[in-house]
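Me: I would like to go through the terms used for this model one at a time. For each, please set the value against its cut-off.

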Amino acid sequence: MAGKPILHYFNGRGRMECIRWLLAAAGVEFEEKFIKTPEDLDKLTNDGSLLFQQVPMVEIDGMKLVQTRAILNYIATKYNLYGKDAKERALMDMYTEGVADLGEMILLLPLRPPDEQDAEVASIKEKSTNRYLPAFEKVLKSHGQDYLVGNKLSRADIQLVELLYCLEELDPSLLANFPLLKALKTRVSNLPTVKKFLQPGSQRKPPMDEKCLEETKEGFQVLIRQAGPPRTLF
């Protein structure tokens, strides 16, 4: 029997959080090995575990997978959350890329200089309410089904609902004019596996605070030197 997937990342959301969400929604238990120091990261790099000298890295089914989208694709396929055919997968890819575009802005917000953060938050809100949320609301309205693709729970729903939670943390009013998205969020949140993940004490990570950001920066100094600009932190 295969062991639990092992997630290698820092003790925060970053690019691993969508992977945590997908595994949790699929009902898959996983372990985490947190990178806390430059030495921890050095060890993974030097033993060849990080193909491109970057994290996230997930040990699963005898593989050491890196690159977030590759990891998500594998998990979604393995646990039947990636559609029944190429057409459904294409739609899911399109939707999740939209989620990632907006999610990237939120992800990198803590790295913005303090004097730029208010403007960036305003930009996120504007793009959310005028571009991304209307698009997803339109998809749900167009077919009148419970989920984005094929009337069945998929990675697209899970990744979108994770984003909706992040947006509500930023501003609880952002979903006010999108009833179908609010209903999707409630529907997915009430699934037993997701409901468990949303409970206090789960492996879901809280929003990044100043302490977590500083610890993360300290632990990733080696990665910055080897792999490039600060965006590789997450």
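Reply: Start with burial: a residue is buried when its relative accessible area is under 20%, and exposed when that area is over 50%. The model is a predicted one.

Me: Why is serine 154 called buried?

Reply: Serine 154 has a relative accessible area of 1%. The cut-off is under 20%, so serine 154 counts as buried. Its place is in the loop between helix 5 and helix 6. With neighbours within four places in sequence left aside, serine 154 is in contact with Leu81 and Met92.

Me: What makes histidine 8 buried?

Reply: Histidine 8 has a relative accessibility of 6%, and burial requires a value under 20%; therefore histidine 8 is buried. The residue is in strand 1, residues 6–9. Beyond four places in sequence, the contacts of histidine 8 include Met16, Lys33, Ile35 and Leu44. Val55, Pro56, Met57 and Glu59 are also among them.

Me: Why is there said to be a polar contact between the side chains of histidine 8 and glutamate 59?

Reply: The two side chains are joined at 2.6 Å. A polar contact needs a pair of N or O atoms within 3.5 Å, one able to donate a hydrogen and the other to accept it, so the pair of histidine 8 and glutamate 59 is called a polar contact.

Me: How do you know that strand 1 and strand 2 pair?

Reply: Pairing takes at least two bridges. Strand 1 and strand 2 (residues 31–34) have four, so they pair, and the sense is parallel. Leucine 7, for one, has glutamate 32 in strand 2 as its bridge partner.

Me: What puts the buried residues of helix 7 on the same side?

Reply: In helix 7 (residues 179–189) the buried residues are Leu181, Leu184, Lys185, Val188 and Ser189. Around the axis they cover an arc of only 125 degrees, which means that they lie on the same side of helix 7. They pack against helix 5 (114–143), helix 6 (155–170) and helix 8 (192–197).

Me: Why are cysteine 18 and cysteine 166 called buried?

Reply: Cysteine 18 has 14% relative accessibility and cysteine 166 has 15%. Both values are set against a cut-off of under 20%, so cysteine 18 and cysteine 166 count as buried.

Conventions:
Residues numbered from 1 in each chain as written. Predicted model: local features only at pLDDT ≥ 70, side-chain atom pairs only at ≥ 80, totals over all residues. Heavy atoms only, no water. Helix = DSSP H or I, 4+ residues; strand = E, 2+ residues; numbered from the N terminus. Buried < 20%, exposed > 50% of the residue type's maximum accessible area, 1.4 Å probe, protein only. Contact = heavy atoms within 4.5 Å. Arc of directions from axis to C-beta.
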